[in-house]
Amino acid sequence: MSVNINRTVLSIAVGTALLVSACGESTSSSNGPDFGTTPAPTPTPNPDTNFNQQALLENITDNIITPVFEQFSTVAAEQIPAITSYCQMEANAAESNATSEQVATSRDAAKAAWRNAMNVWQQAEVMKVGPLADNDGLLRNKIYSWPVVNSCSVDFEVVNFRIGVVNGQPYNIANRTPSRRGLAAIEYLLFNEQLDHSCTTSTQPENWNNQTDEYRKIARCEFAVEAANDVNNSAQQLISEWSGSDGFANKLKAAGSNGNQFSTELEAINRISDGMFYLDTFTKDAKLATPLGLQANSCGSQACPEDVESEYSHHSMNNIENNLLAFQKLLTGDAGIGFIDYLIDVDDQDTADVMSSGIQLAIDGVQSYQNTLAETLVNNEAQVTQTHTDVKAVTDKLKIDFITSLSLELPVTSAGDND
């Protein structure tokens, strides 16, 4: 089955799920315990509590989100020299000045740099607030566009960058659509062993498959460097818009003050909780339910290894683990004040306990995998189903009890979703 077709079908499936969800209809084919029930009740006014909402905002902003964004800025920059060194080694090998072992070692180092960047980014995914949420998530998509990915488009970008011209204009990756760049494109370029293009339509990169292996390896690697530079630029933009006196971090912490875009501290807290719903829409649904066949996929509603998130790098379980770890940090406050403290303060110890134990159970389950997600779907589908069940137990609480007890509002993409 064509990689490009698979990715397109998955993207359409997830995009449709998000659209239908926003229209107030369930998108799941799995009848869970809350299937067919009404959505969470309209939040009541902020409960009578002495809970320090500002302390919650300050801890999550300064000690959880900011360190993740800063760490991503670091690892994004570290991709550039690692991939550049690999390219140089490919060029040396083409001139018989490097061994295959030296090339493999440098390529492994480039892959490791990508994995480091992806691990941190998968935590940032659950912190989609401020710059990452603005403009329909444009900055987020430029860094990582999944599930909207297209390997054929990346093949074309390799050729465009090599030529240096697109539609008669000098090539500029900053003007290219998200699915042609970012971490997903770098993964395809570094990890895909097939040098032929992946396009299946009549429009294909001209003469690409007739080029030598050396030419294609170097061309792909050079565009990977360009894509890494672009990701680094986006990472710097994120830091710039998040930090500083006028940055979004300070706006969160000053919520409720005169002139602030957040009229109350609870409104700012709601923006953070919106980001946490990534665990529901993406981790549970797109990363687990879709490849399991619980939602429509490119295999026809059955287990589909081709539809896992990181198909080329086999990094899917690491992605899910980091989503869960980031959610846990926000929930517990890590070493400071978190949402658990808020739940306890409003006398919802049950939700605090169930979500705390549930997220740890899901993390433990994911860390017990001995094989990739794609392999496990084939050899032990029940284990993946259990992971989906574990994550769903947490998101079920998130969508109803968590939201209701803290007088928060559901994000638009989850309103009416009863799965």
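Is Ala-98 buried or exposed? In this predicted model, Ala-98 counts as buried because its relative accessibility is 16%, which falls under the 20% cut-off for that class. The residue lies in the loop that runs between helix 2, residues 53-94, and helix 3, residues 100-124. When residues up to four places away in sequence are set aside, Ala-98 touches Met-89, Asn-92 and Ala-93. The C-alpha atom of Ala-98 is also separated by 9.7 Å from that of Gln-88, a residue ten places away along the chain.

The side chain of Ser-198 reaches the backbone nitrogen of Cys-152, and the distance between them is 3.3 Å.

Helix 15, which is formed by residues 381-405, has 25 residues and reaches 35 Å from its first C-alpha to its last, a span close to the 36 Å expected at 1.5 Å a residue. Just after helix 15, the backbone at Ser-407 takes a positive phi of about 60°.

Technical notes. Residues are numbered from 1 along each chain as its sequence is written. This is a predicted model: local features need pLDDT of at least 70, side-chain atom pairs count only at pLDDT 80 or more; totals for chains, interfaces and linings use all residues. Side-chain values use heavy atoms; hydrogens and water are left out. Helices (H or I, at least four residues) and strands (E, at least two) are DSSP runs, numbered from the N terminus. The expected span of a helix is 1.5 Å times one less than its number of residues. Buried means under 20% relative accessible area, exposed over 50%, partly exposed in between (1.4 Å probe, protein chains only). Contact means heavy atoms within 4.5 Å. A polar contact is a pair of N or O atoms within 3.5 Å; within protein, one must be able to donate a hydrogen and the other to accept it, and residues adjacent in sequence count only if both atoms are side-chain atoms.
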